[in-house]
Amino acid sequence: MTERVYNVLFLCTGNTARSILAEGILRKDGAGRFNAFSAGSHPKGVVNPYALKTLEAYDYPTDGFRPKSWEVFSGPDAPKMDFVLTVCDSAAGEACPVWPGQPMTAHWGIEDPAAVEGSDIEKQKAFNLAFRYMKTRISLLLATPIARLDKLALGNRLRDIGEAEGASHGHKAEA
């Protein structure tokens, strides 16, 4: 029996850094089990070049990324999401659209690597760290026996993953 494929939407404010890293990691590591998407509440014009450089350095896909509004995924023709995960503190505190199908939600906040000021080396180091923290969370998601957990246990597991090493604590997700 084949396990179903789950749709995961990673949300951030600008959809240029953390949500792009998350989409790229899950697109590769979860291939065949998960479809990865990302969006922002207030998408910016272009994907942060450090996000693409980081994905490329770790041999992850860099094609097809563009900042897009979360409204793209809330309409009737959008793919039905199974999981909606906020990866930045400001998006977690915003009023989200009503998602068709009532997906599981959780907050996986990570400090914004795009906010780091300094040399190119310091900026790249921040993106590498954000990548590592996001990869850890996605590895924990991939190890979760989703089909065997009830909704409460799965929700608890998703929230626990969000508290893994590197979690930002600017906002606590609602239970």
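## Where H4 meets H5

Arg137, Leu140 and Leu141 of H4 meet Arg157, Leu158, Ile161 and Gly162 of H5. A contact here means heavy atoms within 4.5 Å. Helices (H or I, at least four residues) and strands (E, at least two) are DSSP runs, numbered from the N terminus. The residues of this contact divide into 4 nonpolar, 1 polar and 2 charged. In that count Ala, Val, Leu, Ile, Met, Phe, Trp, Tyr, Cys and Pro are nonpolar, Asp, Glu, Lys and Arg are charged, and the others, Gly among them, are polar.

The axes of H4 and H5 lie 9 Å apart, and the packing angle is about 160 degrees. Axes are lines fitted to C-alpha atoms, for helices over the stretch in contact, and angles run from 0 to 180 degrees between N-to-C directions. H4 and H5 are therefore roughly antiparallel to each other. The cut-offs are under 35 degrees for roughly parallel, over 145 for roughly antiparallel, 65 to 115 for roughly perpendicular, and oblique for the rest. H4 and H5 cross in a right-handed way.

## The model

This is a predicted model, in which local features need pLDDT of at least 70 and side-chain atom pairs count only at pLDDT 80 or more, while totals for chains, interfaces and linings use all residues. Residues are numbered from 1 along each chain as its sequence is written, and side-chain values use heavy atoms, with hydrogens and water left out.

## Overall layout

The protein has 5 helices and 4 strands. From the N terminus on, the order is β-α-β-α-β-α-β-α-α. Of its 175 residues, 46% count as buried. Buried means under 20% relative accessible area, exposed over 50%, and partly exposed in between (1.4 Å probe, protein chains only).

Residues 24 or more positions apart account for 74% of them.

## The nonpolar cores

In soluble globular proteins, nonpolar side chains tend to be buried together. A nonpolar core is a set of buried Ala, Val, Leu, Ile, Met, Phe, Trp, Tyr and Cys residues joined through side-chain atoms within 4.5 Å. The largest one here has 38 residues. Phe10, Phe34, Phe83, Trp108 and Ile138 touch the most other members. Strands S1 (6-12), S2 (34-40), S3 (83-86) and S4 (104-107) each give two or more residues to this core. So do helices H1 (18-29), H2 (49-57), H4 (120-142) and H5 (151-162). H4 gives the largest share, 8 residues.

Leaving out residues up to four places away in sequence, Phe83 touches Tyr6, Asn7, Val8, Leu9, Phe34, Pro103, Met104, Ile146, Leu154 and Leu158. A second, separate core has 8 residues, including Leu11, Phe37, Trp70 and Val84.

## H2 and its two partners

Two packed helices are described by the angle between their axes and the distance between the axes. The axes of H2 and H4 come within 10 Å and cross at roughly 60 degrees. H2 and H4 are therefore oblique to each other. Their crossing is right-handed. H2 brings Tyr50, Ala51, Lys53, Thr54 and Leu55 to the contact, and H4 brings Asp120, Lys123, Gln124, Phe127, Asn128 and Phe131. These residues divide into 5 nonpolar, 3 polar and 3 charged.

H1 is the other partner. The axes of H1 and H2 come within 9 Å and cross at roughly 25 degrees. H1 and H2 are therefore roughly parallel to each other. This crossing is right-handed too. Ile20, Leu21, Gly24 and Ile25 of H1 meet Ala51, Thr54 and Leu55 of H2. This contact divides into 5 nonpolar, 2 polar and no charged residues.

## Loop residues to look at

Asn15 sits in the loop between S1 and H1. Its phi is positive, about 55 degrees, although Asn15 is not a glycine. Asn15 is buried, with a relative accessible area of 0%. Asp59, in the loop between H2 and S3, also has a positive phi, about 65 degrees, without being a glycine. Asp59 is exposed, with a relative accessible area of 58%.

Ser41 lies in the loop between S2 and H2. At 10% relative accessibility, Ser41 counts as buried. Ser41 and Ser69 are 28 residues apart along the chain, and their C-alpha atoms are separated by 5.8 Å.

How values were computed. A crossing is left-handed if the near helix is turned anticlockwise from the far one by less than a right angle, and right-handed if clockwise.
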